[in-house]
Amino acid sequence: MRLALDAVEPELSRLWQEEADKGGAPRIGLFTLVALASELPLLGRAQGVVAEVAATYPSRTIVAMWRQGVDAAVTADAALHRITATGAACGDAIVLEATGGGREWLPENLGHLALTDLPMCVWWVGDLPDFDKLFDRVAVDADLVIVNSGEMDLRDLEKLSMICKRIRDSTALTDLTWFRLRPVQELIARFFDDETALACLTSIERLTIEFNPRDGDVDAASTQAGLLFGWMANALGLKGDTVAWNRGSGWNEVTIGRLVGRFEHRHRDDVPPGSISRVTMECDGARFEVERQEDPQLFKWSREAPGAPVPPQTLRIKTPDESTLLIRCLERPKRDLLYEKSLHLGSKIVRVVAPRLSTRIDG
Amino acid sequence: MTDNPFRAGLETERTPQPCVFVIFGASGDLTRRKLIPALYNLAVSRLLPPGMTILGFALTESSEDQFRANMREAVAQFSRRKPIDEAVWADFASRLHYVSGKFEVPESYQRLLAKLEKLDKTNGTRGNRIYYLAIPPSAFRAVNDNLSAGGLVSNDADRYTRIIIEKPFGRDLASANALNADLHRVFTESQIFRIDHYLGKETVQNLVALRFGNTIFEPLWNRNHIDHVQVTVAEDIGVEGRGKFYEEAGASRDIVQNHLLQLLMVTAMEPPVAFTADEVRDEKVKVLRALKPILGDDVARLTVRGQYAPGHFAGKPAPAYREEPNVSPTSNVETFVAMRLEIDNWRFAGVPIYIRAGKRLAKRTTEISVHFKHVPHALLKHDRLAATPGETSDGSRVEPDVLAIRIQPDEGIGLRFVAKVPGPTMTLRPVTMDFRYGSTFGGSGPEAYERLILDALLGDPTLFARADEVSAAWRFMTPILEAWEKSPPAGYPNYAAGTWGPAAASDLIERDGRAWRRL
Ligand SMILES: NC(=O)c1ccc[n+]([C@@H]2O[C@H](COP(=O)([O-])OP(=O)(O)OC[C@H]3O[C@@H](n4cnc5c(N)ncnc54)[C@H](OP(=O)(O)O)[C@@H]3O)[C@@H](O)[C@H]2O)c1
C-alpha cells in the first residue's frame with residue numbers, strides 16, 4: 001500500500017489521462033462496488049471477482065481489508081481495471097488497507113471515495129460475524145448490501161432475517177445464494193403454468209429437497225435448501241408457526257400442516273456444498289420433479305399430472321461463479337420482497353433445528 | 001399464469017405457454033439462417049416452455065431425421081452460440097418435426113392437421129399454434145386460405161392461433177391493403193404478427209428508453225430546439241446473391257417503407273400513455289399520418305434515387321449493380337434513396353427530416369442524428385465571436401449540438417457539444433461524449449429474431465407492425481414509387497460503389513444550408 005487516501009483521486013485521474021493519451025476507452029462508471037474482505041485470505045478472491053464485475057459493468061471497486069496493528073492507519077492502492085489483461089480500461093480499482101484502529105475509519109473513507117451520485121453496493125465477502133459494527137455502519141450508507149448465505153451455517157438465516165428487519169428501507173439486502181437458486185425456482189414455477197397442474201397445488205403432501213451436504217455437516221439442511229424451502233412454503237401459503245421435526249440418518253423431515261418437507265443428503269463431489277440436486281413435489285397421482293443429471297449442469301424437468309401430459313425437458317443450468325452471481329445481484333440494486341419473505345419464513349421453519357443463534361440472542 | 005403462486009414476485013425471464021411453432025418454408029434460407037438458430041438459442045437460454053414443438057412444412061420431401069440433421073448444420077453455422085450444446089441440442093431436436101406438402105394443395109393441410117393433433121396429445125401443446133410464414137409473398141394467399149378452409153385457425157379462450165409474417169407486406173398501398181384484407185378474413189389483428197426485425201434490435205428499444213426514461217431530452221425534442229433530423233441506413237455490401245429479390249424490391253421497398261420509417265416513427269412519436277402494444281402503435285402510426293405527402297413536382301425536388309456503378313470497397317474492386325447475378329443489365333431498380341421529409345404536427349412542423357438508405361455505400365452504418373439549432377445569440381461577441389448568431393468573428397459557425405443514436409454497428413449514443421479549448425482565448429471546439437452499449441453493459445443481448453419470436457410466443461405484439469402502420473407507410477411511399485415509375489431515371493448508374501451515393505443526395509440537403517453528417 002503506497003498511497004495516502006487523498007492521493008487516490010489524483011492518481012486515478014493521472015491513470016485515466018494516460019489511457020486517454022493512448023486513445024483508450026472513455027471513463028464510465030455505473031456504481032461503486034465495495035468489497036469488505038473480512039479475512040486476509042479473502043482479499044485475493046475479492047479482487048478477482050470485482051475485476052470481473054468491472055469488465056461487465058464499468059465501475060469503481062473498493063476492496064477493503066484490515067489487519068492487526070499498533071498504529072491506526074488506512075492506506076490505499078489505485079489502479080485501473082481492464083477488460084482483458086491488455087484490453088481497454090473499464091473502471092477504478094482501489095484497495096484500502098486498514099491497520100489497528102484504522103478499521104473504524106473505513107466507513108467514512110468508503111463514503112468519500114464512492115462515485116458521486118451513483119449507487120453504492122457493498123459486498124461482505126465470506127461468512128458474516130454474528131454482530132459487527134463495521135457491517136452496520138457501512139450498510140447504513142449503502143443502496144445494496146450483498147451477502148452470501150451459502151457460506152454460512154443454517155442458523156445464520158435467522159441472523160440475515162434480523163439484519164433485513166434492522167436495516168433501513170432504502171437499503172436492499174440481497175444474497176448471492178438467492179440468485180444461485182433462480183434457475184431452479186424458474187423450473188419449479190413452470191410446473192404450474194397451466195390450470196390442470198395448478199389444481200394439484202392445494203393437495204401437495206410431500207416436498208423433498210436433496211442437497212449436497214458440507215463435510216461433517218450436522219445442519220438439517222444447507223442454507224440454500226432452507227432458503228428454497230422458505231420460498232416454496234411461502235408460495236404454498238404455509239405459515240410455519242407450528243412445525244414438527246423428525247430426523248434420521250442423512251435426512252430430516254419437517255411437518256407443517258398437511259405438508260411433509262424432507263431434506264435429504266446427496267453427496268456429490270462435482271457440485272459446490274449446499275447445492276440442490278433434486279426437488280420433488282408429490283400429491284395424489286401427480287409428481288413434479290427437477291433433477292440434476294450426471295452432468296452436474298444438466299437438469300431434467302418432468303411432470304406427471306393427470307390430464308396434462310408433457311414430455312420431460314432437459315436444460316442446462318451453468319453453475320455460476322461468484323462474479324456471475326454478483327453481476328446478477330447488481331443488475332437490479334433494489335429490495336426484493338420475495339427474498340425477504342422467503343428468508344423470514346425459511347429461517348422461522350429451520351430455527352427449531354438450528355437453535356444456537358436464537359438462544360444466544362434471545363438469552 | 002398470474003395465478004401461479006410460484007411466479008408471484010419472482011423476477012425471472014418470461015416463459016411462454018407451450019405451442020406448436022409451424023414454419024412454412026422450413027427448407028428455406030430464412031429458416032436456416034435466422035429462425036432455427038433463434039429458437040435453439042431460446043432453448044439454450046431456457047426460455048422455451050416444456051412441450052414446445054417445432055414443425056417444419058415445405059415442398060421438399062424429407063424425413064424428420066433428415067430435417068433434424070439439416071437444422072443441426074444450420075445451427076452449427078448460424079447460431080451466435082458455438083459450439084452446439086449437445087445435451088440441449090438433443091432435447092431441442094426431439095421437438096423438431098417435419099411434414100412435406102404443397103402450399104396450394106388442401107390435402108397437405110389435412111396431413112398437417114393430423115400431425116398437429118397428434119403432437120397436441122403427446123406434447124401437451126393444447127391446440128396452441130403459431131404459423132410462421134417464411135415463404136415467398138406469392139404464396140401468402142394460398143397458405144392463408146387453406147389454413148382457414150382446413151380448420152387450422154381458432155381463437156378460443158383456451159387455445160390460440162397466431163400468424164407471423166415477413167416483409168414485404170405488399171408492393172404498394174393497394175397490394176398491402178389486399179394482403180391485410182386477406183389476413184383479416186382469417187385472423188383478427190391481434191393474431192397477426194408482422195415482423196420488422198429492426199424493432200427487435202436492442203438499440204431501437206433503447207431509443208424509447210432514452211426518450212421516455214429521461215427527463216433531459218424530451219423538453220428539447222421539438223421544433224423549438226431541433227434544426228433537423230437525419231436517418232441513415234447504409235449497407236456496404238451489394239445484393240449478395242439476392243438479385244432476383246432485389247429486382248422486385250429496390251431500396252425503397254427493401255428498407256425505406258419498413259425499417260427506415262419504423263426508425264422515424266420511434267424517433268418522432270409522442271409519449272404513449274403506457275408501454276403496451278396498442279398505446280405504442282397508436283402513437284407510431286400518428287407520425288406516419290402526419291408525414292407531409294410528397295406529390296407531383298415535389299417528387300423530383302424532395303427525393304433522390306440512385307444505382308451503383310462499379311467502384312471499390314475494402315481495397316477490392318466492386319461490380320456495378322447491373323453486373324450482379326440475376327440482375328438485368330438494363331435494370332432501373334434503385335439501390336439508393338434519399339428524401340427530405342416533413343412531419344406536419346405540433347411538435348415537428350418545419351423540421352426537415354433527411355433520410356438516406358442504400359447498398360454499396362461507403363460504410364455499414366445505421367444511425368439517427370438529431371441536430372439542434374444554432375445558439376440564438378453570440379454571447380461572446382466582444383471576444384472572438386461575431387454578432388451573427390452562431391458565427392465566429394472569422395465567419396465560421398459555431399457547430400450546433402448533435403445527439404446521435406447509433407443502431408449498428410457499435411450501438412450507442414453520442415452527444416456532440418461545444419467546449420472551450422484550454423488557453424487564454426475563448427476558442428470553441430466541438431467535442432463528443434460517447435456512450436457505447438457494448439463497453440458499458442458488456443456481453444451481447446439476444447438477437448432481434450430471438451426477442452421477436454419470444455414476444456410472439458408470449459402474445460406481445462408491441463414490437464410488431466400493425467395493419468394501419470403498414471398501410472400508412474405505403475400511403476406515403478406509393479405516390480413516390482408511382483411517380484418514379486412514370487419517369488424512369490436518367491443517368492443510371494449514378495454513384496460509384498463504395499461512396500455515399502449520387503451527388504444529387506448531397507444537393508438535396510446542401511441547398512437547405514445543411515450537410516450530411518460525416519459517418
Ligand atoms: N432470407 C432472408 O434473410 C430474409 C430476410 C427477410 C425477409 N425474408 C422473407 O422471408 C420469406 C422467405 O424467404 P427465404 O429467403 O427463406 O425464401 P426461400 O429460401 O426461397 O424459401 C422458400 C421456402 O418456401 C417453400 N415453398 C415455396 N413454394 C412452396 C410451395 N408452393 N409449397 C410448399 N413450399 C413452398 C420452399 O420449399 P422447398 O425448398 O421445399 O421448395 C422453401 O422452404 C420471404 O418472404 C422473404 O422476403 C427473408
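Contact here means heavy atoms within 4.5 Å, and by that rule 34 residues from chain B and 37 residues from chain A take part in the contact. This is a predicted model, in which local features need pLDDT of at least 70 and side-chain atom pairs count only at pLDDT 80 or more, while totals for chains, interfaces and linings use all residues. Residues are numbered from 1 along each chain as its sequence is written, chains are lettered from A in the order in which they are written, and side-chain values use heavy atoms, with hydrogens and water left out.

Q: What makes up the area that chain B and chain A bury between them?
A: Buried area is the accessible area (1.4 Å probe) that two parts lose on being put together, summed over both. For chain B and chain A this comes to about 3,000 Å², with 58% of it on carbon and sulfur atoms. Phe6(B), Glu11(B) and Arg46(B) supply 26% of the area that chain B buries against chain A, more than any other three residues.

Q: Why is the meeting of Arg7(B) and Glu186(A) called a salt bridge?
A: The term requires a side-chain nitrogen of Lys or Arg within 4 Å of a carboxyl oxygen of Asp or Glu. Across the interface of chain B and chain A, the rule finds four salt bridges.

Q: What classes of residue form the side of chain B that touches chain A?
A: That side has 11 nonpolar, 12 polar and 11 charged residues, where Ala, Val, Leu, Ile, Met, Phe, Trp, Tyr, Cys and Pro count as nonpolar, Asp, Glu, Lys and Arg as charged, and the others, Gly among them, as polar.

Q: Why do β1 and β4 of chain B count as paired strands?
A: Strands (E, at least two residues) are DSSP runs, numbered from the N terminus, and two of them pair if DSSP finds at least two bridges between them. Five bridges join β1 (residues 20-24) to β4 (residues 129-133) of chain B, and therefore they pair, running parallel. In β4(B), the bridge partner of Val22(B) is Tyr131(B).

Q: What makes β3 and β6 of chain B edge strands?
A: Six strands form an open sheet in the order β3-β2-β1-β4-β5-β6 of chain B, with parallel pairing. Both β3 (96-100) and β6 (192-195) pair on one side only, and they are the edge strands.

How values were computed:
Helices (H or I, at least four residues) and strands (E, at least two) are DSSP runs, numbered from the N terminus.
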